[in-house]
Amino acid sequence: MRDSTPMTTKSRADRASATALPESELALFRRQQAFAPSLRSTTARERIDKLERLGAALRARQREIERAAAEDFGKPPEEVALSELFPVLHEIAHAKRHLKKWMKPRRVPPTMAMFGTRAEVRYVPRGVCLIVSPWNYPFNLSFGPLVSAIAAGNTAILKPSELTPSCSRLIAAIVADTFAPDEVAVVEGNAEVASRLLALPFNHIFFTGSTTVGRIVMKAAAEHLSSVTLELGGKSPFIVDASADLDRTVRNLVGTKFANKGQTCVAPDLVYVHESVREDFLARLKARIAHVYGADAQAQRASPDYARVVNTRHFERVKGLLDDALARGARLVAGGDTDAASRFIAPTVLTDLAPGSRILEEEIFGPLLPVIGYRNLDAVIREIDARPTPLALYVFGRDRKRIEKVLAGTVSGGSCVNHSVVHFLHGNLPFGGLNASGIGNAHGVHGFRAFSHERAVLVDRFSIAHLLFPPYTPRVKALIRMTARYFT
(Lines give C-alpha, C1' and ligand atoms only; values in the text may rest on other atoms or scores of the structure.)
Protein backbone atom coordinates (compact mmCIF):
# COMPACT_ATOMS: atom_id res chain seq x y z
CA MET A 1 0.00 0.00 0.00
CA ARG A 2 1.37 3.41 -0.90
CA ASP A 3 2.04 6.18 1.51
CA SER A 4 -1.00 8.46 1.58
CA THR A 5 0.39 11.39 3.56
CA PRO A 6 -0.72 14.86 2.39
CA MET A 7 2.75 15.63 0.98
CA THR A 8 2.77 12.46 -1.13
CA THR A 9 -0.80 13.04 -2.30
CA LYS A 10 0.00 16.60 -3.30
CA SER A 11 3.05 15.57 -5.30
CA ARG A 12 0.96 12.98 -7.11
CA ALA A 13 -1.67 15.54 -7.97
CA ASP A 14 0.98 17.93 -9.24
CA ARG A 15 2.38 15.23 -11.53
CA ALA A 16 -1.12 14.36 -12.72
CA SER A 17 -1.87 18.01 -13.50
CA ALA A 18 1.23 18.13 -15.63
CA THR A 19 -0.35 15.59 -17.99
CA ALA A 20 -3.16 18.03 -18.85
CA LEU A 21 -5.78 15.57 -17.66
CA PRO A 22 -9.29 17.08 -17.86
CA GLU A 23 -10.44 18.34 -14.49
CA SER A 24 -13.42 15.97 -14.43
CA GLU A 25 -11.16 12.93 -14.77
CA LEU A 26 -8.59 14.30 -12.35
CA ALA A 27 -11.34 15.11 -9.85
CA LEU A 28 -12.72 11.57 -10.19
CA PHE A 29 -9.31 10.09 -9.46
CA ARG A 30 -8.88 12.34 -6.41
CA ARG A 31 -12.33 11.39 -5.11
CA GLN A 32 -11.52 7.71 -5.34
CA GLN A 33 -8.10 8.33 -3.79
CA ALA A 34 -9.78 9.99 -0.81
CA PHE A 35 -12.44 7.28 -0.52
CA ALA A 36 -10.21 4.21 -0.90
CA PRO A 37 -8.87 4.13 2.70
CA SER A 38 -12.41 3.73 4.05
CA LEU A 39 -12.75 0.41 2.20
CA ARG A 40 -9.83 -1.23 4.00
CA SER A 41 -12.02 -2.10 6.97
CA THR A 42 -15.08 -3.30 5.03
CA THR A 43 -16.33 -6.77 5.91
CA ALA A 44 -16.85 -9.73 3.62
CA ARG A 45 -20.60 -9.18 3.91
CA GLU A 46 -20.33 -5.57 2.77
CA ARG A 47 -18.24 -6.53 -0.23
CA ILE A 48 -20.55 -9.41 -1.11
CA ASP A 49 -23.50 -7.01 -1.08
CA LYS A 50 -21.75 -4.96 -3.76
CA LEU A 51 -21.06 -8.04 -5.84
CA GLU A 52 -24.70 -9.06 -5.56
CA ARG A 53 -25.77 -5.62 -6.80
CA LEU A 54 -23.47 -5.99 -9.79
CA GLY A 55 -24.79 -9.48 -10.55
CA ALA A 56 -28.38 -8.30 -10.33
CA ALA A 57 -27.65 -5.37 -12.67
CA LEU A 58 -26.11 -7.67 -15.27
CA ARG A 59 -29.00 -10.11 -15.13
CA ALA A 60 -31.56 -7.31 -15.39
CA ARG A 61 -29.90 -5.90 -18.51
CA GLN A 62 -29.05 -9.13 -20.30
CA ARG A 63 -31.16 -8.25 -23.35
CA GLU A 64 -29.51 -4.83 -23.59
CA ILE A 65 -26.10 -6.48 -23.34
CA GLU A 66 -27.02 -8.89 -26.14
CA ARG A 67 -28.21 -6.00 -28.34
CA ALA A 68 -25.07 -3.98 -27.72
CA ALA A 69 -22.81 -6.91 -28.65
CA ALA A 70 -24.87 -7.55 -31.79
CA GLU A 71 -24.61 -3.88 -32.80
CA ASP A 72 -20.87 -3.73 -32.34
CA PHE A 73 -19.81 -6.99 -34.00
CA GLY A 74 -22.74 -9.24 -34.66
CA LYS A 75 -22.19 -11.52 -31.69
CA PRO A 76 -24.98 -14.13 -31.33
CA PRO A 77 -27.04 -13.80 -28.11
CA GLU A 78 -26.19 -17.36 -27.05
CA GLU A 79 -22.51 -16.53 -27.36
CA VAL A 80 -23.04 -13.39 -25.29
CA ALA A 81 -24.75 -15.39 -22.57
CA LEU A 82 -22.01 -18.05 -22.57
CA SER A 83 -18.86 -15.98 -23.03
CA GLU A 84 -19.77 -12.55 -21.65
CA LEU A 85 -22.29 -12.97 -18.84
CA PHE A 86 -21.71 -16.49 -17.54
CA PRO A 87 -18.00 -15.98 -16.69
CA VAL A 88 -18.74 -12.82 -14.69
CA LEU A 89 -21.74 -14.26 -12.86
CA HIS A 90 -19.73 -17.42 -12.14
CA GLU A 91 -16.91 -15.25 -10.79
CA ILE A 92 -19.37 -13.41 -8.53
CA ALA A 93 -20.89 -16.65 -7.24
CA HIS A 94 -17.43 -18.11 -6.57
CA ALA A 95 -16.30 -14.98 -4.71
CA LYS A 96 -19.46 -14.93 -2.61
CA ARG A 97 -18.86 -18.52 -1.48
CA HIS A 98 -15.21 -18.04 -0.58
CA LEU A 99 -14.57 -14.36 0.16
CA LYS A 100 -14.78 -14.65 3.92
CA LYS A 101 -12.10 -17.33 3.84
CA TRP A 102 -9.93 -15.36 1.39
CA MET A 103 -10.02 -12.29 3.62
CA LYS A 104 -8.94 -14.09 6.80
CA PRO A 105 -5.36 -13.48 7.90
CA ARG A 106 -3.25 -16.49 7.03
CA ARG A 107 -1.16 -17.77 9.94
CA VAL A 108 2.37 -18.87 9.06
CA PRO A 109 4.61 -20.96 11.33
CA PRO A 110 7.82 -19.43 12.66
CA THR A 111 11.15 -20.39 11.18
CA MET A 112 13.77 -21.66 13.61
CA ALA A 113 15.41 -18.24 13.80
CA MET A 114 12.04 -16.62 14.55
CA PHE A 115 11.11 -18.94 17.42
CA GLY A 116 9.17 -16.94 19.95
CA THR A 117 7.21 -14.89 17.42
CA ARG A 118 3.76 -15.19 15.88
CA ALA A 119 3.29 -14.26 12.24
CA GLU A 120 0.50 -13.92 9.72
CA VAL A 121 -0.23 -12.57 6.24
CA ARG A 122 -3.04 -10.04 5.95
CA TYR A 123 -4.68 -9.13 2.65
CA VAL A 124 -4.84 -5.36 2.30
CA PRO A 125 -6.60 -3.57 -0.59
CA ARG A 126 -4.17 -1.99 -3.03
CA GLY A 127 -6.23 1.21 -3.24
CA VAL A 128 -7.26 2.99 -6.44
CA CYS A 129 -7.21 0.63 -9.43
CA LEU A 130 -7.43 1.15 -13.17
CA ILE A 131 -9.01 -1.57 -15.31
CA VAL A 132 -8.37 -1.18 -19.04
CA SER A 133 -10.43 -3.71 -21.00
CA PRO A 134 -10.39 -4.73 -24.68
CA TRP A 135 -13.09 -4.88 -27.31
CA ASN A 136 -13.28 -8.62 -27.98
CA TYR A 137 -15.16 -9.55 -24.77
CA PRO A 138 -16.07 -6.10 -23.45
CA PHE A 139 -18.41 -7.13 -20.62
CA ASN A 140 -16.49 -10.22 -19.50
CA LEU A 141 -13.11 -8.49 -19.47
CA SER A 142 -14.40 -5.32 -17.82
CA PHE A 143 -16.56 -6.79 -15.09
CA GLY A 144 -14.49 -9.93 -14.40
CA PRO A 145 -11.52 -7.94 -13.05
CA LEU A 146 -13.94 -5.56 -11.34
CA VAL A 147 -15.34 -8.48 -9.31
CA SER A 148 -11.83 -9.18 -8.00
CA ALA A 149 -11.17 -5.50 -7.32
CA ILE A 150 -14.38 -5.16 -5.29
CA ALA A 151 -13.79 -8.44 -3.47
CA ALA A 152 -10.36 -7.17 -2.42
CA GLY A 153 -11.79 -3.85 -1.18
CA ASN A 154 -10.58 -1.38 -3.80
CA THR A 155 -11.99 1.51 -5.76
CA ALA A 156 -11.78 1.22 -9.54
CA ILE A 157 -11.93 3.26 -12.72
CA LEU A 158 -12.82 1.26 -15.82
CA LYS A 159 -11.69 2.25 -19.31
CA PRO A 160 -13.56 0.08 -21.86
CA SER A 161 -12.55 -0.02 -25.51
CA GLU A 162 -13.85 2.63 -27.89
CA LEU A 163 -13.90 0.04 -30.69
CA THR A 164 -17.16 -1.38 -29.31
CA PRO A 165 -19.05 1.87 -28.60
CA SER A 166 -22.46 0.34 -27.86
CA CYS A 167 -20.92 -2.01 -25.30
CA SER A 168 -18.82 0.79 -23.81
CA ARG A 169 -21.87 3.03 -23.32
CA LEU A 170 -23.81 0.21 -21.68
CA ILE A 171 -20.89 -0.67 -19.37
CA ALA A 172 -20.82 2.97 -18.27
CA ALA A 173 -24.58 2.98 -17.68
CA ILE A 174 -24.52 -0.24 -15.65
CA VAL A 175 -21.70 1.04 -13.44
CA ALA A 176 -23.34 4.44 -12.96
CA ASP A 177 -26.61 2.78 -11.90
CA THR A 178 -24.89 0.35 -9.52
CA PHE A 179 -22.06 2.23 -7.80
CA ALA A 180 -21.20 5.67 -6.51
CA PRO A 181 -18.43 7.20 -8.64
CA ASP A 182 -16.26 7.54 -5.52
CA GLU A 183 -16.00 3.74 -5.59
CA VAL A 184 -16.44 2.55 -9.19
CA ALA A 185 -16.65 4.68 -12.32
CA VAL A 186 -16.21 4.40 -16.07
CA VAL A 187 -14.22 6.78 -18.26
CA GLU A 188 -14.96 6.35 -21.96
CA GLY A 189 -12.78 7.50 -24.82
CA ASN A 190 -10.00 6.66 -27.23
CA ALA A 191 -6.34 5.80 -26.81
CA GLU A 192 -5.56 9.40 -25.86
CA VAL A 193 -7.92 9.12 -22.90
CA ALA A 194 -6.28 5.84 -21.89
CA SER A 195 -2.86 7.50 -22.04
CA ARG A 196 -4.02 10.33 -19.80
CA LEU A 197 -5.41 7.86 -17.28
CA LEU A 198 -2.17 5.88 -17.35
CA ALA A 199 -0.32 9.04 -16.36
CA LEU A 200 -2.08 8.98 -12.99
CA PRO A 201 -0.51 7.22 -9.97
CA PHE A 202 -2.91 4.30 -9.67
CA ASN A 203 -2.06 1.75 -7.01
CA HIS A 204 -2.73 -1.09 -9.43
CA ILE A 205 -3.39 -1.36 -13.17
CA PHE A 206 -5.16 -4.36 -14.68
CA PHE A 207 -4.78 -4.37 -18.45
CA THR A 208 -6.13 -6.85 -20.98
CA GLY A 209 -5.03 -6.44 -24.57
CA SER A 210 -2.16 -6.82 -26.98
CA THR A 211 1.46 -7.36 -26.05
CA THR A 212 2.39 -4.15 -27.88
CA VAL A 213 0.07 -2.02 -25.77
CA GLY A 214 0.99 -4.04 -22.68
CA ARG A 215 4.54 -2.70 -22.99
CA ILE A 216 3.16 0.86 -23.07
CA VAL A 217 1.08 0.19 -19.96
CA MET A 218 4.07 -1.25 -18.12
CA LYS A 219 6.22 1.78 -18.99
CA ALA A 220 3.50 4.11 -17.73
CA ALA A 221 3.12 2.10 -14.53
CA ALA A 222 6.87 2.29 -13.95
CA GLU A 223 6.64 6.08 -13.66
CA HIS A 224 4.69 5.67 -10.42
CA LEU A 225 5.88 2.18 -9.48
CA SER A 226 2.29 0.99 -9.82
CA SER A 227 1.80 -2.75 -9.65
CA VAL A 228 0.34 -4.35 -12.78
CA THR A 229 -1.57 -7.35 -14.00
CA LEU A 230 -1.15 -7.76 -17.76
CA GLU A 231 -3.35 -10.24 -19.62
CA LEU A 232 -1.87 -10.29 -23.12
CA GLY A 233 -1.84 -12.85 -25.92
CA GLY A 234 0.42 -14.71 -28.32
CA LYS A 235 0.21 -17.70 -30.62
CA SER A 236 -1.41 -20.46 -28.58
CA PRO A 237 -0.41 -23.85 -30.06
CA PHE A 238 -2.83 -26.74 -30.47
CA ILE A 239 -1.08 -30.13 -30.74
CA VAL A 240 -2.87 -33.17 -32.14
CA ASP A 241 -1.10 -36.43 -31.31
CA ALA A 242 -1.51 -39.51 -33.49
CA SER A 243 -3.46 -41.10 -30.62
CA ALA A 244 -6.06 -38.32 -30.45
CA ASP A 245 -9.80 -38.92 -30.80
CA LEU A 246 -10.17 -36.89 -34.01
CA ASP A 247 -13.92 -36.33 -33.82
CA ARG A 248 -13.64 -34.99 -30.30
CA THR A 249 -10.62 -32.91 -31.28
CA VAL A 250 -12.19 -31.18 -34.28
CA ARG A 251 -15.45 -30.60 -32.41
CA ASN A 252 -13.50 -28.81 -29.72
CA LEU A 253 -11.29 -26.94 -32.16
CA VAL A 254 -14.15 -25.54 -34.22
CA GLY A 255 -16.09 -24.61 -31.10
CA THR A 256 -13.23 -22.64 -29.51
CA LYS A 257 -11.39 -21.28 -32.54
CA PHE A 258 -14.27 -19.76 -34.50
CA ALA A 259 -16.41 -18.54 -31.59
CA ASN A 260 -16.40 -14.73 -31.56
CA LYS A 261 -14.94 -14.89 -35.10
CA GLY A 262 -11.63 -16.10 -33.67
CA GLN A 263 -11.21 -12.85 -31.76
CA THR A 264 -10.21 -14.56 -28.51
CA CYS A 265 -6.85 -14.19 -26.75
CA VAL A 266 -6.68 -17.90 -25.84
CA ALA A 267 -8.06 -19.23 -29.14
CA PRO A 268 -5.92 -21.88 -30.84
CA ASP A 269 -3.62 -19.96 -33.18
CA LEU A 270 -1.46 -22.67 -34.71
CA VAL A 271 -2.33 -26.36 -35.09
CA TYR A 272 0.35 -29.06 -35.14
CA VAL A 273 -1.06 -32.41 -36.25
CA HIS A 274 0.83 -35.68 -36.63
CA GLU A 275 1.41 -36.53 -40.29
CA SER A 276 -0.10 -39.99 -39.88
CA VAL A 277 -3.53 -38.46 -39.18
CA ARG A 278 -3.23 -35.08 -40.90
CA GLU A 279 -5.40 -35.69 -43.98
CA ASP A 280 -8.08 -37.47 -41.94
CA PHE A 281 -7.97 -34.62 -39.43
CA LEU A 282 -8.32 -31.98 -42.17
CA ALA A 283 -11.27 -33.78 -43.76
CA ARG A 284 -13.09 -34.04 -40.44
CA LEU A 285 -12.28 -30.41 -39.66
CA LYS A 286 -13.74 -29.22 -42.95
CA ALA A 287 -16.87 -31.32 -42.40
CA ARG A 288 -17.31 -29.98 -38.88
CA ILE A 289 -17.08 -26.37 -40.05
CA ALA A 290 -19.74 -27.09 -42.68
CA HIS A 291 -21.95 -28.71 -40.04
CA VAL A 292 -21.68 -25.80 -37.60
CA TYR A 293 -21.60 -22.75 -39.86
CA GLY A 294 -22.72 -23.92 -43.31
CA ALA A 295 -21.23 -25.70 -46.30
CA ASP A 296 -20.43 -22.57 -48.32
CA ALA A 297 -19.82 -18.86 -47.91
CA GLN A 298 -23.47 -17.96 -48.56
CA ALA A 299 -24.67 -20.24 -45.77
CA GLN A 300 -21.95 -19.03 -43.44
CA ARG A 301 -22.86 -15.37 -44.07
CA ALA A 302 -26.43 -16.23 -43.13
CA SER A 303 -25.46 -18.21 -40.02
CA PRO A 304 -26.94 -16.71 -36.84
CA ASP A 305 -24.08 -18.28 -34.88
CA TYR A 306 -21.17 -16.51 -36.58
CA ALA A 307 -20.00 -13.07 -35.47
CA ARG A 308 -18.22 -10.40 -37.53
CA VAL A 309 -14.77 -8.82 -37.39
CA VAL A 310 -14.99 -5.81 -35.11
CA ASN A 311 -14.08 -3.10 -37.64
CA THR A 312 -12.63 -2.43 -41.09
CA ARG A 313 -9.06 -1.98 -39.87
CA HIS A 314 -9.02 -5.40 -38.21
CA PHE A 315 -10.78 -6.93 -41.23
CA GLU A 316 -8.02 -5.65 -43.51
CA ARG A 317 -5.33 -6.90 -41.11
CA VAL A 318 -6.76 -10.45 -40.98
CA LYS A 319 -7.40 -10.49 -44.73
CA GLY A 320 -3.80 -9.42 -45.21
CA LEU A 321 -2.62 -12.50 -43.31
CA LEU A 322 -4.79 -14.70 -45.54
CA ASP A 323 -3.63 -13.04 -48.77
CA ASP A 324 0.02 -13.31 -47.75
CA ALA A 325 -0.30 -17.03 -46.95
CA LEU A 326 -2.05 -17.79 -50.26
CA ALA A 327 0.45 -15.73 -52.25
CA ARG A 328 3.24 -17.85 -50.74
CA GLY A 329 1.57 -21.06 -51.89
CA ALA A 330 -0.54 -22.16 -48.91
CA ARG A 331 -3.22 -24.78 -49.60
CA LEU A 332 -6.78 -23.70 -48.82
CA VAL A 333 -8.59 -26.55 -47.07
CA ALA A 334 -11.75 -24.66 -46.12
CA GLY A 335 -13.12 -21.14 -46.35
CA GLY A 336 -11.14 -18.27 -47.82
CA ASP A 337 -14.18 -16.15 -48.72
CA THR A 338 -14.28 -12.53 -47.55
CA ASP A 339 -16.61 -9.56 -47.83
CA ALA A 340 -15.35 -6.14 -46.76
CA ALA A 341 -18.79 -4.51 -46.67
CA SER A 342 -20.05 -6.86 -43.94
CA ARG A 343 -16.60 -7.54 -42.41
CA PHE A 344 -17.15 -11.24 -43.15
CA ILE A 345 -14.29 -13.73 -43.29
CA ALA A 346 -15.28 -17.38 -43.63
CA PRO A 347 -13.97 -19.98 -41.16
CA THR A 348 -10.72 -20.70 -42.98
CA VAL A 349 -8.23 -23.56 -42.72
CA LEU A 350 -4.81 -23.40 -44.39
CA THR A 351 -2.00 -25.91 -44.67
CA ASP A 352 1.30 -26.37 -46.56
CA LEU A 353 2.35 -22.93 -45.36
CA ALA A 354 5.65 -21.48 -46.53
CA PRO A 355 8.24 -20.48 -43.91
CA GLY A 356 8.10 -16.75 -43.32
CA SER A 357 4.35 -16.50 -43.84
CA ARG A 358 2.98 -13.75 -41.62
CA ILE A 359 0.23 -16.04 -40.36
CA LEU A 360 2.91 -18.20 -38.74
CA GLU A 361 4.53 -15.26 -36.97
CA GLU A 362 1.76 -12.86 -35.95
CA GLU A 363 -1.12 -13.40 -33.56
CA ILE A 364 -4.11 -13.96 -35.85
CA PHE A 365 -7.07 -12.81 -33.74
CA GLY A 366 -9.46 -13.84 -36.46
CA PRO A 367 -11.05 -16.92 -38.12
CA LEU A 368 -7.93 -18.23 -39.86
CA LEU A 369 -6.45 -21.55 -38.79
CA PRO A 370 -3.00 -22.62 -40.01
CA VAL A 371 -2.33 -26.37 -39.78
CA ILE A 372 1.19 -27.80 -39.79
CA GLY A 373 1.98 -31.50 -40.08
CA TYR A 374 4.74 -32.95 -37.92
CA ARG A 375 6.56 -36.24 -37.46
CA ASN A 376 8.89 -35.45 -34.58
CA LEU A 377 7.31 -34.19 -31.34
CA ASP A 378 10.66 -32.92 -30.10
CA ALA A 379 10.84 -30.59 -33.12
CA VAL A 380 7.39 -29.18 -32.27
CA ILE A 381 8.46 -28.58 -28.68
CA ARG A 382 11.63 -26.81 -29.85
CA GLU A 383 9.61 -24.62 -32.20
CA ILE A 384 7.15 -23.63 -29.47
CA ASP A 385 10.03 -22.84 -27.11
CA ALA A 386 11.67 -20.67 -29.77
CA ARG A 387 8.60 -18.44 -29.94
CA PRO A 388 7.48 -15.89 -27.33
CA THR A 389 5.73 -17.64 -24.43
CA PRO A 390 2.08 -18.28 -25.42
CA LEU A 391 -0.88 -17.45 -23.23
CA ALA A 392 -2.20 -21.02 -23.60
CA LEU A 393 -1.19 -24.41 -24.95
CA TYR A 394 -3.45 -27.31 -25.89
CA VAL A 395 -2.60 -30.95 -26.47
CA PHE A 396 -4.95 -33.69 -27.65
CA GLY A 397 -4.21 -37.37 -27.43
CA ARG A 398 -4.56 -40.59 -25.44
CA ASP A 399 -0.86 -41.37 -25.05
CA ARG A 400 -0.09 -40.09 -21.55
CA LYS A 401 3.67 -40.22 -21.98
CA ARG A 402 3.59 -37.96 -25.03
CA ILE A 403 1.12 -35.60 -23.39
CA GLU A 404 3.37 -35.30 -20.36
CA LYS A 405 6.34 -34.78 -22.64
CA VAL A 406 4.62 -31.73 -24.16
CA LEU A 407 3.66 -30.32 -20.76
CA ALA A 408 7.12 -30.89 -19.30
CA GLY A 409 8.95 -29.60 -22.36
CA THR A 410 7.05 -26.35 -22.94
CA VAL A 411 6.10 -23.20 -21.06
CA SER A 412 2.79 -21.35 -21.37
CA GLY A 413 0.48 -19.22 -19.30
CA GLY A 414 -2.10 -22.02 -19.01
CA SER A 415 -2.81 -25.32 -20.70
CA CYS A 416 -5.51 -27.90 -21.38
CA VAL A 417 -5.38 -31.58 -22.22
CA ASN A 418 -8.11 -32.77 -24.61
CA HIS A 419 -9.84 -29.41 -24.39
CA SER A 420 -9.10 -25.79 -25.12
CA VAL A 421 -10.02 -22.34 -23.78
CA VAL A 422 -12.21 -23.63 -20.93
CA HIS A 423 -9.44 -23.28 -18.33
CA PHE A 424 -10.46 -19.60 -18.40
CA LEU A 425 -13.68 -20.58 -16.63
CA HIS A 426 -12.12 -22.63 -13.82
CA GLY A 427 -12.49 -20.47 -10.72
CA ASN A 428 -9.80 -22.30 -8.75
CA LEU A 429 -7.13 -22.06 -11.45
CA PRO A 430 -4.91 -19.02 -11.96
CA PHE A 431 -5.45 -17.41 -15.35
CA GLY A 432 -2.55 -15.44 -16.71
CA GLY A 433 0.39 -15.30 -19.04
CA LEU A 434 4.16 -15.28 -18.78
CA ASN A 435 6.61 -12.78 -20.21
CA ALA A 436 5.24 -11.73 -23.63
CA SER A 437 1.82 -13.21 -22.84
CA GLY A 438 1.35 -11.43 -19.53
CA ILE A 439 2.26 -10.77 -15.93
CA GLY A 440 0.28 -11.94 -12.90
CA ASN A 441 -2.89 -13.98 -12.56
CA ALA A 442 -6.64 -13.46 -12.37
CA HIS A 443 -9.85 -15.26 -11.37
CA GLY A 444 -11.02 -16.54 -8.01
CA VAL A 445 -8.58 -16.26 -5.14
CA HIS A 446 -5.84 -15.43 -7.65
CA GLY A 447 -7.76 -12.35 -8.78
CA PHE A 448 -8.43 -11.40 -5.16
CA ARG A 449 -4.69 -11.61 -4.47
CA ALA A 450 -3.85 -9.64 -7.62
CA PHE A 451 -5.83 -6.70 -6.23
CA SER A 452 -4.48 -7.17 -2.69
CA HIS A 453 -1.19 -6.50 -0.98
CA GLU A 454 0.03 -9.44 1.12
CA ARG A 455 1.07 -7.61 4.25
CA ALA A 456 3.43 -9.37 6.65
CA VAL A 457 2.56 -9.00 10.34
CA LEU A 458 4.97 -10.28 13.01
CA VAL A 459 4.19 -10.17 16.72
CA ASP A 460 7.06 -10.73 19.15
CA ARG A 461 6.27 -12.92 22.13
CA PHE A 462 9.49 -14.23 23.63
CA SER A 463 12.09 -14.18 20.85
CA ILE A 464 15.77 -13.69 21.67
CA ALA A 465 16.58 -11.35 18.77
CA HIS A 466 17.18 -8.45 21.18
CA LEU A 467 20.16 -10.33 22.60
CA LEU A 468 21.98 -9.79 19.29
CA PHE A 469 21.72 -5.98 19.29
CA PRO A 470 24.79 -3.74 19.75
CA PRO A 471 26.97 -2.92 21.50
CA TYR A 472 28.83 -5.94 20.16
CA THR A 473 30.44 -7.13 23.34
CA PRO A 474 32.35 -10.44 23.41
CA ARG A 475 29.20 -12.09 24.72
CA VAL A 476 27.04 -10.69 21.88
CA LYS A 477 29.64 -11.68 19.30
CA ALA A 478 29.65 -15.22 20.66
CA LEU A 479 25.83 -15.33 20.48
CA ILE A 480 25.91 -14.11 16.87
CA ARG A 481 28.41 -16.82 15.93
CA MET A 482 26.34 -19.44 17.73
CA THR A 483 23.15 -18.23 16.04
CA ALA A 484 24.75 -18.34 12.60
CA ARG A 485 25.99 -21.90 13.18
CA TYR A 486 22.78 -23.20 14.70
CA PHE A 487 20.20 -21.67 12.32
CA THR A 488 21.98 -21.97 8.95
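1. Basis. The model is predicted, so local features need pLDDT of at least 70 and side-chain atom pairs count only at pLDDT 80 or more, while totals for chains, interfaces and linings use all residues. Residues are numbered from 1 along each chain as its sequence is written, and side-chain values use heavy atoms, with hydrogens and water left out. Helices (H or I, at least four residues) and strands (E, at least two) are DSSP runs, numbered from the N terminus.

2. Helices H10 and H11. Two packed helices are described by the angle between their axes and the distance between the axes. Here H10 (residues 246-257) packs against H11 (residues 278-293) at about 50°, and their axes are 9 Å apart. Axes are lines fitted to C-alpha atoms, for helices over the stretch in contact, and angles run from 0 to 180 degrees between N-to-C directions. The two helices are therefore oblique to each other; angles under 35 degrees count as roughly parallel, over 145 as roughly antiparallel, 65 to 115 as roughly perpendicular and the rest as oblique.

3. The contact of H10 with H11. Contact means heavy atoms within 4.5 Å. On the H10 side the residues include Leu246, Val250 and Leu253, and on the H11 side they include Phe281, Leu285 and Ile289. The residues of this contact divide into nine nonpolar, one polar and five charged. In this count Ala, Val, Leu, Ile, Met, Phe, Trp, Tyr, Cys and Pro are nonpolar, Asp, Glu, Lys and Arg are charged, and the others, Gly among them, are polar.

4. Helices H4 and H7. H4 (residues 62-73) and H7 (residues 165-178) pack at about 155°, with axes 7 Å apart. They are therefore roughly antiparallel to each other. Among the H4 residues in the contact are Ile65, Ala68 and Ala69, and among those of H7 are Cys167, Leu170 and Ile174. The contact divides into seven nonpolar, one polar and three charged residues.

5. The sheet. Seven strands form an open sheet with mixed pairing, in the order S10-S13-S14-S9-S8-S15-S16. Two strands pair if DSSP finds at least two bridges between them. S10 (331-334) and S16 (414-417) stand at the edges with a single partner strand each, so one side of each has no neighbour in the sheet. From one strand to the next, the twist averages 25°.

6. Inside and across the sheet. S9 (residues 268-274) and S14 (residues 368-374) run parallel and are joined by four bridges. Tyr272 has Ile372 in S14 as its bridge partner. Helix H13 (residues 312-327) lies across S10, S13 (348-351) and S14, and runs at about 35° to S13.

7. Leu99. Is Leu99 buried or exposed? Leu99 is buried, with a relative accessible area of 0%; buried means under 20%, exposed over 50%, and partly exposed in between (1.4 Å probe, protein chains only). This residue belongs to helix H5 (residues 77-103). Leaving aside neighbours within four places in sequence, Leu99 is in contact with Ala44, Arg47, Ile48, Ala151 and Phe448.

8. Backbone points. Asn260 has phi near 55°, a positive value in a residue other than glycine, and lies in the loop between H10 and S9. Lys261 is found in the loop between H10 and S9, with a positive phi near 60°. Asn260 is buried at a relative accessible area of 0%, and Lys261 counts as buried at 0%. Elsewhere, the peptide bond from Pro470 to Pro471 is cis, with omega near 10°. Pro471 sits in the loop between S18 (452-460) and H18 (474-487).
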